[in-house]
Amino acid sequence: MATVSLKKLTKRYGNIEIVHGIDLDITDREFIALVGPSGCGKSTTLRMIAGLEEISAGSIEIGGRVVNDLPPRSRNISMVFQSYALYPHMTVRENLGFSLKIAGAAKDDMDRRVAEASAILGLDTLLDRRPSQLSGGQRQRVAMGRAIVRDPDVFLFDEPLSNLDAKLRTQMRTEIKKLHAKVQSTVIYVTHDQVEAMTLADRIVIMRDGHIEQVGTPDEVFRRPATRFVAGFIGSPPMNLHEATVDDGQLVFASGAKLPLPGQFKPNVAVGDKVVFGLRPDDIYPTGHGISSGGAADVHQIELPITVTEPLGNETLVFVEFNGSDWVSRMLNPRPLKSGERMTMSLDLSQAHLFAVDTGKTLRS
Amino acid sequence: MKGGVVKMNENSSARLKRRLLGIVYRIGLFLAMLTICLPGLWIVLSSLRPTVEIMAKPPVWIPQEISFDAYVAMFSGIGKGGIPVIEYFRNSLIISVTSTVIAVAIGMAGGYAFARYRFRGKSSVFLGLMLTRTVPGIALSLPLFFLYVRLGIIDTHFGLILAYVALNVPFTIWLIDGFFRQVPKDLAEAAQIDGCTRWQAFWQVEFPLAGPGIASAAIFAFLTCWNEFALASQLTRSVSAKTLPVGLLDYTAEFTIDWRGMCALAVVMIIPALTLTFIVQKHLVGGLTSGAVKG
């Protein structure tokens, strides 16, 4: 059993509070991603769980045991660092076996476990090399191997892929996912890359300024973002977000442009309310070129001029002008387009989001 | 066609220029090395030739006769032109090694603290340590002499070791601090997660990586002690505490200076220092930390 539970976890440096009393319960064998922009406190939170940072208030439980003041070695965790942190004066084999050596494991037990880990990660041929003789991807694998060998309750990953190039990153992402399926440990994974978080995690914790904005499955945070920040952070290209005022059954934007008030929000807003209207690129599309074309309940059609197009092969990102700014839309089965061309766009308002301007919270009930 | 010829000429003249530059560079290097090595060479030569030749004007470059008399005399005991060189050597060794070990140990602790911890007044303390280096040692010799006389540690190994530790500690702290800074902090943290205590993480990971730096600090500290004359000449008196540099003075009498004997003793002094530097030199390879972190 390796649940992890954070209760009112707080970190202060002097008078500056970095993490503001966060609560989080992580179940056994769960893959949790902490995601957020840099400086949001995600790495600090991870380092507090690891025991590398003292906690200022609150508590951390691993497997039901309070570990607040335990040193890292007594927490039965492993960590993969952004910099890999391989010991440069040791071979790959010594790096992998270091924790066992420190623990005083028997030689044959050590050899067996190092062999197991290196087999899982395909490091067999590299065991006698030093870290300086390895490529970035290989170093990354050694760092993961060193974590596996310990057979920990919890794996901690601190932006492990951010030093790799794009191709290798995608490859290692798959490997991490396979690894989790194999070792079945609890994983806490810190990243600033929402794609990594979405693809890897069972649940995503989105953090901002030392607060948790939302905790949910990738599907939940994508489809039902709790705040304006989450809506803008998750998804690529990002959601179109524009301020508007509620009028009689309508949303009036700053330029005077209008859209019908999405039906699902009608009970929750009053005339005169200031709101932020959000619509994902997937839910705006040239009519006949969308995902939900057909059965969608609340499609609004409007003719808009195209400003820029970004063809991606299987789809084209079409930027259309509305309310004086560019809204990005996704065109499936694309055909060549010219900028300046006017097109009838379908806006699937059943998928729209409304957030309160002041609190940023969703107005969905 | 013409263009091709021009191009070939350009290439060959560039090649010629590069070769010429190479030759000039080597000559320059030779002259520089000669300037550095000549005094040493002159000492070795002078230890092997008679005083007449040493004092000759114009200087005799090629020695006419070579003899090891000075070396033989040095070890032949009092009264036969000898000096207690074995005792001086022992004193030098004891004092240099002990004070180096202490200075490096303190330097490691201090350097590590400055590199890794944040504490109040850190930069002032560091600046203070560095400022002590601005005071010339000789300026302290007289107050130190009075103090040592009062404490009864004049003319002892302990007294000199104490002075040398004080002399070397700021320097070793400064040097070792720099080397610990180069060892990524992540490594010690990774070691702690791998099951090490802070102490183990230091000895298993950070110390081996800063090793070459610590070794170079040790060499510098050792050579400082080994070659130091000004303080030693004030604080030691007898055979039981005098070091080799002070021993050189044994060759000066009221009216004469035995240059040959002095040079021979200088050679005896240089050899261990040179040997030590050669032995440790190969451990001073940098770049050991490459590959620890990204890149």
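Helices here are DSSP runs of H or I with at least four residues, and strands are E runs of at least two, numbered from the N terminus. Keep in mind that this is a predicted model.

**Exercise 1. Chain B at a glance**

Work out how many helices and strands chain B has, and whether the chain is compact or spread out.

Solution. 
- Start by counting: chain B has twelve helices and zero strands.
- Reading along the sequence, you get α-α-α-α-α-α-α-α-α-α-α-α.
- Now for its spread: the globule rule gives 19 Å for 295 residues, but the radius of gyration of chain B is 26 Å, well over that value, so the chain is more spread out than a compact globule.
- Along the principal axes, the C-alpha trace of chain B spans about 75 × 70 × 30 Å.
- As for burial, 31% of the 295 residues in chain B are buried.
- Finally, take the contacts in chain B between residues at least 6 apart in sequence: 74% of them join residues at least 24 apart.

**Exercise 2. A helix under cover**

Find out how many residues of helix α1 of chain A are buried, and look at what follows the helix.

Solution. 
- A residue counts as buried if 20 or more other C-beta atoms lie within 10 Å of its own.
- By that test, nine of the nine residues in α1(A), residues 42-50, are buried, and the helix is mostly covered.
- Among them are A:Lys42 and A:Arg47, along with A:Leu46, A:Met48 and A:Ile49.

**Exercise 3. Domains in each chain**

List the domains of both chains, and say how far apart their centres lie.

Solution. 
- In chain A, the domain assignment gives domain 1 (4-233) and domain 2 (240-356).
- The C-alpha centres of these two domains of chain A are 38 Å apart.
- Five residues of domain 1 of chain A are in contact with five residues of domain 2 of chain A.
- On the domain 1 side of that contact in chain A, two residues are nonpolar, two polar and one charged.
- In chain B, the assignment gives domain 1 (2-74) and domain 2 (85-284).
- Here the C-alpha centres of the two domains of chain B lie 33 Å apart.
- Their contact takes eleven residues from domain 1 of chain B and nine residues from domain 2 of chain B.
- On the domain 1 side in chain B, α1 (2-47), α2 (51-55) and α3 (69-74) each supply at least two residues.
- By class, that side of domain 1 of chain B has eight nonpolar, three polar and no charged residues.

**Exercise 4. Where the chains meet**

Which element supplies the largest share of the side of chain A that touches chain B?

Solution. 
- Begin with the counts: 24 residues of chain A are in contact with 22 residues of chain B.
- On the chain A side, β6 (77-80) and α2 (92-103) each supply at least two residues.
- The largest share, four residues, comes from α2(A).
- Sorted by class, the chain A side has 16 nonpolar, six polar and two charged residues.

**Exercise 5. One glutamate**

Is B:Glu87 buried, exposed or partly exposed?

Solution. 
- First place the residue: B:Glu87 sits in helix α4 (residues 85-116) of chain B.
- B:Glu87 has 15 other C-beta atoms within 10 Å, so it is partly exposed.
- The C-alpha atoms of B:Glu87 and B:Ser233 are separated by 16 Å, and the two residues are 146 residues apart along the chain.

Technical notes: Residues are numbered from 1 along each chain as its sequence is written. Chains are lettered from A and ligands numbered from 1 in the order in which they are written. This is a predicted model: local features need pLDDT of at least 70, side-chain atom pairs count only at pLDDT 80 or more; totals for chains, interfaces and linings use all residues. The radius of gyration is taken over C-alpha atoms; the globule rule is 2.2 Å times the number of residues to the power 0.38. A residue is buried if 20 or more other C-beta atoms lie within 10 Å of its own, exposed if 12 or fewer, and partly exposed in between; C-beta atoms are placed from the backbone. Two residues are in contact if their C-beta atoms, placed from the backbone, lie within 7 Å. Ala, Val, Leu, Ile, Met, Phe, Trp, Tyr, Cys and Pro count as nonpolar, Asp, Glu, Lys and Arg as charged, and the others, Gly among them, as polar. Domain bounds come from an automatic or database domain assignment.
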